Amino acid sequence: MGGLGEGEALIFGSNTLVGEADRAVTERAHARALELGIPIMFDPNVRPGRWRDLAIGLERSRSVCDGAYLVRCNLDEARWLSGIDDASAADAADGVCELGALLAVVTTGPGTTAKPAPGGNERAKSGTSLGKHSITTSGAPSSPPPSSLP
């Protein structure tokens, strides 16, 4: 992990949490980034077909949201992570921030919802403030509903 202190951010996705060896490396890097104050950016990329047990994938993904500077997910992932099945993008983003993320960006197709955690603007290390609630037109498409995934 010597090189981690030289980086500006730790960026990873949940695919590194599936296998035991990859997960061990990711968890060590995550802990070290928190220790060094390096911003963590996490993309849960939760896909039911990727995990033998989706509950394990969600549990592992939730655990690394704590302390993350940014969690970027689509609406389905944000709902799964927050545990609010029918949440709006804004409510799901709030739920992700309640897991410990400083900022949650939830893509919804034609728009994106970006929400800082309470007090997040004051804690953010960058000079960019998104305000309480910001919607843009540049969001990535949301994943298909779980029933249509292979």
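Does E20 count as buried or exposed, or what else does its relative accessibility make it? In this predicted model, E20 counts as exposed, because its relative accessibility is 52% and the cut-off for that class is over 50%.

## Salt bridges around E20

The side chain of E20 meets that of R23 in a salt bridge, with an N to O distance of 2.4 Å; both residues belong to helix α1, where they lie three residues apart, about one turn of the helix.

R60 is itself buried, with a relative accessible area of 17%, and a network of salt bridges links E20, R23, E27 and R60.

## The E77 and R47 pair

Among the six salt bridges counted, one joins the side chains of E77 and R47 at 2.3 Å, N to O. Here helix α3, which holds E77, is linked to the loop between β2 and α2, which holds R47, across 30 residues. E77 is buried, with a relative accessible area of 0%, whereas R47 counts as partly exposed at 27%.

## Nonpolar cores

The largest nonpolar core has 29 residues, of which F42, V71, V96 and V106 touch the most other members. Helix α4 gives the largest share, five residues. Beyond its neighbours within four places in sequence, F42 is in contact with residues including F12, L17, V64, L70 and V71.

How values were computed:
Residues are numbered from 1 along each chain as its sequence is written. This is a predicted model: local features need pLDDT of at least 70, side-chain atom pairs count only at pLDDT 80 or more; totals for chains, interfaces and linings use all residues. Side-chain values use heavy atoms; hydrogens and water are left out. A nonpolar core is a set of buried Ala, Val, Leu, Ile, Met, Phe, Trp, Tyr and Cys residues joined through side-chain atoms within 4.5 Å. Buried means under 20% relative accessible area, exposed over 50%, partly exposed in between (1.4 Å probe, protein chains only). Helices (H or I, at least four residues) and strands (E, at least two) are DSSP runs, numbered from the N terminus. Contact means heavy atoms within 4.5 Å. A salt bridge is a side-chain nitrogen of Lys or Arg within 4 Å of a carboxyl oxygen of Asp or Glu.
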